[in-house]
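Trainee: I have a model open and would like to learn how to read it. Can you take me through it feature by feature?

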Amino acid sequence: MQRRRAERRGSRAKKVVIVGAGPGGLANAMLLAQAGFDVEVLEKQAHVGGRTSTISENGFHFDLGPTFFLYPQVLESIFSSCGMDLDDEVDLIRLDPHYRLLFEEGGELEITPDIELLKKRIAALAPGDAQHLDRFMSDNREKLAAFKPILESPMESLKDLLGLSLFEMLPLLRPWKSVDQDLSTYFQDPRVRLAFSFQSKYLGMSPFRCPSLFTILSFLEYEHGVFHPRGGCGAVSLAMARAAEKLGVRIHLNEPVEEIIFEGRKAVGVRSSTGVRTCDALVVNADFAHAMSHLVPNHLRKRWTDEKLERKKFSCSTFMMYLGVEGRLDDLAHHTIYLADDYRQNLREIEDDHVLSTQPSFYVQNPTVTDPEMAPQGMSSLYVLVPVTHQHPNVDWTRDTEDFRKVVVRQLEKVGIDDLDRRIRYEKILTPSHWETEQGIYRGATFNLAHTWGQMLSRRPHNRFEDLESVYLVGGGTHPGSGLPVIFESAKITSQLIEEDAQRVKKKTFLPFRSGSQTGPTWQQGTTMQASRATDAATGGMSKTA
Ligand SMILES: Cc1cc2nc3c(=O)[nH]c(=O)nc-3n(C[C@H](O)[C@H](O)[C@H](O)COP(=O)(O)OP(=O)(O)OC[C@H]3O[C@@H](n4cnc5c(N)ncnc54)[C@H](O)[C@@H]3O)c2cc1C
């Protein structure tokens with residue numbers, strides 16, 4: 001089907017290999033196949049979705065990573081540009097309430113998208129703060145509108161930023177302020193500020209450090225909703241894989257890329273357990289820093305050498321418990337966030353001291369209240385996430401896991417989950433060490449490079465990867481950043497760049513080009529389809545569907 005699409009356009013399909021079938025890789029595969037490219041995705045695991053997949057054991061289903069599906073508009077636009085409808089593929093359930101916040105210092109807040117009701121709830125907690133909610137909403141509406149063009153453009157240099165009248169945006173974006181400082185112009189009660197700022201944890205950052213731009217995260221929730229995809233967020237990845245295959249993409253599971261093959265700085269193929277696949281362009285969806293340090297020789301990199309990566313700031317990690325529990329927990333909300341008394345101290349322990357807290361903040365998802373099929377009848381599937389330091393010598397998870405598990409089980413009593421040990425029927429724990437070794441995530445930093453100003457926009461690894469030729473990035477490690485909506489944006493930006501580069505090359509009569517630090521591919525004519533067929537034959541048609 002995909003080859004026919006390319007033939008209709010009167011050109012031979014250019015071959016793109018994508019390393020990794022995470023949400024970024026899958027969305028990119030859909031868009032490239034729709035544009036007429038010959039696309040193969042190589043995935044090292046036995047399933048698609050990467051961090052956005054589902055753990056299914058003994059009738060219990062758990063999201064592995066993402067549980068908040070926000071701003072579906074970006075993925076909807078990807079499906080519709082491929083002639084499909086996301087709604088036909090995934091049942092997105094809009095939650096109300098969004099979540100319940102419990103403050104250890106006292107008080108709680110049930111967050112609803114009904115703004116008038118939310119004002120009443122805020123007033124019950126902090127009477128003076130409710131009146132400023134409308135101003136917060138309208139300011140952030142404006143902020144998002146101003147920032148959207150930045151999120152949708154490649155941002156390869158400072159020039160790109162200046163072209164978008166950054167200076168006019170400065171008073172709105174206020175880069176000199178943190179999320180918490182910005183919120184203090186609206187809300188005086190620290191608990192209310194936390195209700196609008198804990199979302200910076202979606203980026204793996206503290207609201208006291210996270211750039212104030214990211215107040216748009218809580219705004220996005222109120223304005224556009226919080227969704228639960230029926231079956232979990234992994235259902236979204238499966239839907240993308242189905243869509244990609246309908247468009248002609250070949251997804252090869254259980255096929256880790258072991259090496260990227262270069263001619264000079266130009267990637268010309270990959271070597272995997274089944275042999276060599278050549279390509280005209282290579283897209284890396286695997287965790288950026290891990291992939292660079294494992295798949296690309298250090299001497300080929302300039303800006304992102306191993307030594308420079310070492311000095312970058314990385315997000316926090318997460319300690320995860322996936323628990324199949326006897327009995328239903330109907331009083332526990334779909335999402336509950338428990339904020340420790342000394343939240344600042346908790347964050348310092350994670351980001352500065354790199355030690356485990358004795359009273360950590362945590363988050364619990366109890367999806368069976370919305371989606372009963374997530375657990376066997378009369379049972380519950382609980383997902384517990386505790387933000388912790390990324391891998392650091394201060395914590396040895398082979399030594400510390402058992403004690404920290406006890407701390408977390410004790411904390412869970414504070415949200416009404418009692419007698420847990422007796423009721424557990426299934427249990428899986430993931431520590432930063434697992435994220436690093438099993439999932440291939442640099443330092444186990446689950447949310448990639450931190451989103452500081454120094455590591456954002458043109459200072460984040462570029463979608464058209466600046467250190468190499470014919471190599472592109474997609475996913476949380478590149479621009480615009482981590483979190484599903486922006487990861488889908490990265491897929492749009494990257495496929496657009498690949499299309500532009502291919503078009504540019506087609507217009508030239510001889511092989512192009514390399515000007516300055518921005519590079520594009522030198523597309524190979526004619527050889528790759530044959531090579532890929534040969535590889536397929538050699539692997540005995542190994543590609544498996546998701
Ligand atoms: C615990 C947790 C909670 C999160 N919660 C949310 C949330 O609620 N909402 C939200 O929007 N975002 C959330 N995120 C962030 C983000 O949306 C997800 O991490 C997302 O899955 C990242 O997508 P990605 O495309 O960057 O790559 P990944 O999901 O990391 O996928 C990369 C893929 O590459 C594969 N791969 C790696 N190396 C190779 C190789 N050598 N060869 C072949 N394949 C390879 C991997 O196996 C993987 O399948 C969360 C993340 C985590 C970890």
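Trainee: Which residues have the most contacts inside the largest nonpolar core?

Mentor: First, a caution: this is a predicted model. Its largest nonpolar core holds 149 residues. Those with the most contacts inside it are Val16, Val19, Ala29, Met30, Ala244, Leu282 and Val384. Helix 12, residues 234–246, gives the most to this core, with 8 residues.

Trainee: What does Ala244 touch, leaving out residues up to four places away in sequence?

Mentor: Ala244 touches Leu26, Ala29, Met30, Ala33, Val249 and Ile251. Two of these partners, Ala29 and Met30, are themselves on the list of residues with the most contacts in the core.

Trainee: How do I get a view of the whole chain?

Mentor: Start with the elements, then look at burial and contacts. The chain has 20 helices and 20 strands. Of its 546 residues, 52% count as buried. Now take contacts between residues at least 6 apart in sequence: 73% of them join residues at least 24 apart.

Trainee: Next, the ligand. How many residues surround it, and which are the closest?

Mentor: The shell has 36 residues. The closest are Gly20, Gly22, Gly24, Gly50 and Gly475. Two elements give two or more residues to this shell: helix 2 (23–34) and helix 19 (484–507). Helix 2 provides the largest share, 3 residues.

Trainee: What is the make-up of that shell by residue class?

Mentor: Count 15 nonpolar, 17 polar and 4 charged residues. Domain 1 (2–91 + 233–311 + 450–538) and domain 3 (316–443) each supply at least three residues to the shell.

Trainee: Which strands pair with strand 16, and in what sense?

Mentor: Strand 7 (residues 99–103) pairs with strand 16 in the parallel sense, over 4 bridges. Within strand 16, Ile337 is the bridge partner of Leu101. Strand 17 (residues 362–365) pairs with strand 16 in the antiparallel sense, also over 4 bridges. There, Gln365 in strand 17 is the bridge partner of His335.

Trainee: What should I look for in the backbone angles?

Mentor: Most residues other than glycine have a negative phi, and most peptide bonds are trans. Look for the exceptions.

Trainee: Where are the cis peptide bonds you would show me?

Mentor: One runs from Asp96 to Pro97, with omega near 5 degrees. Pro97 sits in the loop between strand 6 (92–94) and strand 7. Another joins His479 and Pro480, with omega about 0 degrees. Pro480 lies in the loop between strand 20 (471–473) and helix 19.

Trainee: And which residues other than glycine show a positive phi?

Mentor: Take Asp419 and Asn448. Phi of Asp419 is near 55 degrees. Asp419 lies in the loop between helix 16 (397–412) and helix 17 (420–423). Asn448 has a phi of about 70 degrees. Asn448 is in the loop between helix 18 (432–437) and strand 20.

Trainee: Why does Asp419 count as exposed, and why does Asn448 count as buried?

Mentor: Count C-beta neighbours inside 10 Å. Asp419 has 11, so Asp419 counts as exposed. Asn448 has 27, so Asn448 counts as buried. The cut-offs are 12 or fewer for exposed and 20 or more for buried.

Terms used. Residues are numbered from 1 along each chain as its sequence is written. This is a predicted model: local features need pLDDT of at least 70, side-chain atom pairs count only at pLDDT 80 or more; totals for chains, interfaces and linings use all residues. A nonpolar core is a set of buried Ala, Val, Leu, Ile, Met, Phe, Trp, Tyr and Cys residues joined through C-beta atoms within 7 Å. Two residues are in contact if their C-beta atoms, placed from the backbone, lie within 7 Å. A residue is near a molecule or strand if its C-beta atom, placed from the backbone, lies within 6 Å of it. Ala, Val, Leu, Ile, Met, Phe, Trp, Tyr, Cys and Pro count as nonpolar, Asp, Glu, Lys and Arg as charged, and the others, Gly among them, as polar. Domain bounds come from an automatic or database domain assignment. Two strands pair if DSSP finds at least two bridges between them.
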